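Trainee: I have a model open and I am new to this. Could you show me how to read its features, one at a time?

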Amino acid sequence: MSLARLARLIRAAGRIAEPPPPRPDPDDGLSPLPAERTAALRGSVQVRHVDAGSCNGCEIEIAAAFGPVYDVERYGARLVASPRHADVVLVTGVVTQNMAGPLRMTVAATPEPRLVIALGDCARSCGALRGGYGVLGPVSDVVPVDLEVPGCPPEPEAIVEALRRVTGR
Ligand code: SF4
């Protein structure tokens with residue numbers, strides 16, 4: 001396909017992102033985020049994702065949230081590869097015995113002020129994977145958690161809303 005034809009197709013398709021939902025109200029009582037720590041993160045937030053023992057269902061929804069349709073980057077949240085570059089650690093899944101150490105090290109390597117988000121029912125309370133032989137516990141048993149996002153898995157809209165509560169955009 002020629003570049004000119006490709007450009008015509010892109011122009012014809014137009015924007016495909018979902019229209020922006022209302023901005024979450026930080027004073028609605030639903031966000032337990034500490035204002036003194038989020039103040040430094042407003043506007044632009046770098047996110048390091050850690051799969052601590054997920055079934056990968058939550059990862060599919062994270063990919064959708066950061067993809068072109070839900071496009072959470074337009075609200076200032078961006079995935080990064082290193083915790084050294086991150087403000088937020090986004091944790092999915094139960095914490096398995098083998099991932100407890102790497103999760104603690106990842107959070108410790110993330111500079112302050114940092115926030116930890118437990119994404120999905122497994123991360124919050126072990127969910128469907130409770131009682132598994134390799135399961136150590138929910139994320140809050142291993143590292144302090146600032147924000148929880150319920151759902152199995154949470155829908156992309158819920159992920160976008162949680163990150164917008166951090167960016168304030
Ligand atoms: S919350 Fe549901 S989708 Fe997410 S890791 Fe657990 S079982 Fe999988």
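Mentor: Start near the end of the chain. This is a predicted model. Gly-168 sits in the segment after α6.

Trainee: Is Gly-168 buried, exposed or partly exposed, and why?

Mentor: Count the C-beta atoms around a residue. A residue needs 20 or more others within 10 Å to be buried, and 12 or fewer to be exposed. Gly-168 has 17 C-beta neighbours inside 10 Å, so it counts as partly exposed.

Trainee: How many Å separate the C-alpha atoms of Gly-168 and Cys-58?

Mentor: Their C-alpha atoms are 23 Å apart. Along the chain, the two residues are 110 residues apart.

Trainee: Now the whole chain. Which elements does it have, and in what order?

Mentor: The protein chain has six helices and seven strands. Their order is α-α-β-α-β-β-β-α-β-α-β-β-α. Next, check the overall size. The radius of gyration is 17 Å, close to the 15 Å from the globule rule for 169 residues, so the chain is as compact as a globular protein of that length. The C-alpha atoms fill a box of roughly 55 × 35 × 30 Å along the principal axes.

Trainee: What share of the residues counts as buried?

Mentor: Of the 169 residues, 37% count as buried. After α1 comes Gly-14, with a positive phi near 65°.

Trainee: What do contacts say about the chain?

Mentor: Look at how far apart the partners lie in sequence.

Trainee: How do I read two packed helices? At what angle do α3 and α6 pack?

Mentor: Compare their axes. Helix α3 (residues 57–66) and helix α6 (residues 156–167) pack at about 65°, with axes 8 Å apart. That angle makes α3 roughly perpendicular to α6. The crossing is right-handed.

Trainee: Which residues of α3 and α6 meet?

Mentor: From α3 come Glu-61, Ile-62, Ala-64 and Ala-65. From α6 come Pro-156, Ile-159 and Val-160. In this contact six residues are nonpolar, none is polar and one is charged. A helix has 3.6 residues a turn, so residues three or four places apart point the same way.

Trainee: What should I look for in the backbone?

Mentor: Look for exceptions. Most residues other than glycine have a negative phi, and most peptide bonds are trans.

Trainee: Where is Asp-71, and what is its phi?

Mentor: Asp-71 is in the loop between α3 and β2 (77–79). Its phi is near 50°, a positive value in a residue other than glycine. Asp-71 is partly exposed, because it has 17 C-beta neighbours inside 10 Å.

Trainee: And Cys-126: buried or exposed?

Mentor: Cys-126 has 21 other C-beta atoms within 10 Å, so it is buried. Phi of Cys-126 is positive too, near 80°. Cys-126 is found in the loop between α5 (121–125) and β6 (135–137).

Definitions and conventions. Residues are numbered from 1 along each chain as its sequence is written. This is a predicted model: local features need pLDDT of at least 70, side-chain atom pairs count only at pLDDT 80 or more; totals for chains, interfaces and linings use all residues. Helices (H or I, at least four residues) and strands (E, at least two) are DSSP runs, numbered from the N terminus. The radius of gyration is taken over C-alpha atoms; the globule rule is 2.2 Å times the number of residues to the power 0.38. Axes are lines fitted to C-alpha atoms, for helices over the stretch in contact, and angles run from 0 to 180 degrees between N-to-C directions. Angles under 35 degrees count as roughly parallel, over 145 as roughly antiparallel, 65 to 115 as roughly perpendicular and the rest as oblique. A crossing is left-handed if the near helix is turned anticlockwise from the far one by less than a right angle, and right-handed if clockwise. Two residues are in contact if their C-beta atoms, placed from the backbone, lie within 7 Å. Ala, Val, Leu, Ile, Met, Phe, Trp, Tyr, Cys and Pro count as nonpolar, Asp, Glu, Lys and Arg as charged, and the others, Gly among them, as polar.
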